[in-house]
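Here is a short briefing for a first look at this structure. Keep the 3D view open as you read.

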Amino acid sequence: MNLEITLTEEGNQSIIALAGEIDAYTVTNLKETFDSVTKKEGQEVIVDLEHVTYMDSTGLGVFIGALKSTKESDSELKLVNIQDRVYRLFQITGLDEIMDVKAAIRGGNE
Amino acid sequence: MENFFKEKTDEYKNLLAEYLEQQDEKALYGVELVSKALIKHNILPEEIINIHIKALKELDPNLFGAFEHSLEFLLEAMISYGLAHQEIQTLREQQIALKSEISVAAQMQKTLLKTKKPDVPGLDIGVISVPANQMNGDYYSFLQNADGTIGIAMADVIGKGVPAALCMSMIKYTLDSLPKESLPPPAVLHNLNRVVERNIESNMFITMMYAEYNPETSKLVYSFAGHEPGYFYRAAEDQFTEFSTSGLVLGVSEEVEFEQAEIEIDEGDMVVLLTDGVTECRDGDRFIEIDEVLDVIRQFTHLSAQEMVQEVYRYFERLQDFQLQDDFSLLILRKTV
């Protein structure tokens, strides 16, 4: 399974849309993408996880790395549209308490 | 070596002569053996073509023109194959060396992390930990405290294999260096977090749970740091309930407070602790859900705790498309009296 990464940059905002599975095999590219945006000063980095069906702990680690990196560069990291299975991981690990994470809205896209 | 080469060159020529005359299978089989022997001695493919050209010239001195040149041409074309072959040879040797190095490390790890199940009357403990690769990123340990309580630690380092295993020894050493008197579980996690946070790469972390069981009061006090929830089996109700406390994984932030909670265990009750390798097992494309794990445990409640954890693992191992995605650890604690 692959991970598709689409990066859109506009002014101070970077939107990273992901689709597929995030695991030890796909995580390298994601880490590179994060590195390219989270190190810039004053950025708002939004990661859209609507089409991410699976994530393992290695994937979670990359998000923690991105969080630390945005903090250092006075930027913000926001995770949106997280599916149930993946959201559970953020809850168990307590990361939902220190990260800006929003679950996917069920039954519509409003 | 000289002799060997000469011998094989002659043999090749004879076989070729035989084949040119009769086109028989025997000669073909013979040349197969010759080529295997040459491979064994690292003779490269272009050298074999060279042997062929020489043999052919000796057998038929009238060989001339385009055909001879074409063989020289083929010889040149084979040189890259020869180089690739040599490279594979080297890689193979390196791989063998690496493998044995890792298995030595895995053996060391086993010795290092050896922990003794505490012998507590009325308490039956079973535990299994299976690495997905050679080295294990899961960790469990039992501590026998001076006041008669028992410490139970379970941790899972992100990822697997060598990096995870290295990271885990940090947990082991920190736990070992804690004072002999028992500390409340949140204090244990707090100490570990401080060490881990300072010594870990920014995208690594450890999930952990620490519990303390007091045989006198039959109470289990526990604290979780982002670890998979445990399950408590109440025998009187024949039911599992999830238990955990909220708390961040180790290694992310120094300013974390951990919570504490407790349960009282009655006769026949069980405490099930696990790592996400258990809930992330896959049977083909299907994930194994926790309910299935608990159902399987329930099937084996008539066995001892150690037999139970082994049977549970065996059950999943037997599934047709079972693959172990991550290190798998399962610990069961049952009060028997």
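Contact here means heavy atoms within 4.5 Å. This is a predicted model, where local features need pLDDT of at least 70, side-chain atom pairs count only at pLDDT 80 or more, and totals for chains, interfaces and linings use all residues. Residues are numbered from 1 along each chain as its sequence is written, chains are lettered from A, and side-chain values use heavy atoms, without hydrogens and water.

**A residue in chain B**
- B:Asn191 sits in helix α6 (residues 185-199) of chain B; helices are DSSP runs (H or I) of at least four residues, strands (E) of at least two, numbered from the N terminus.
- Beyond its neighbours within four places in sequence, B:Asn191 contacts B:Thr174, B:Leu178 and B:Leu183.
- B:Asn191 is buried, at 19% relative accessible area; buried means under 20% (1.4 Å probe, protein chains only).

**The sheet in chain B**
- Chain B has an open sheet of 5 strands, ordered β2-β3-β4-β5-β8, with antiparallel pairing; two strands pair if DSSP finds at least two bridges between them.
- Its edge strands are β2 (138-144) and β8 (261-264) of chain B.
- β2(B) is joined to β3 (residues 150-157) of chain B by 7 bridges.
- B:Tyr139 stands opposite B:Ala155 in β3(B).

**Two helices in chain A**
- The axes of α1 (residues 27-38) and α2 (residues 57-72) of chain A come within 10 Å and cross at roughly 10 degrees; axes are lines fitted to C-alpha atoms over the stretch in contact, and angles run from 0 to 180 degrees between N-to-C directions.
- So α1(A) is roughly parallel to α2(A), a label for angles under 35 degrees.
- Among the residues of α1(A) that meet α2(A) are A:Leu30 and A:Phe34.

Key
Buried means under 20% relative accessible area, exposed over 50%, partly exposed in between (1.4 Å probe, protein chains only). Angles under 35 degrees count as roughly parallel, over 145 as roughly antiparallel, 65 to 115 as roughly perpendicular and the rest as oblique.
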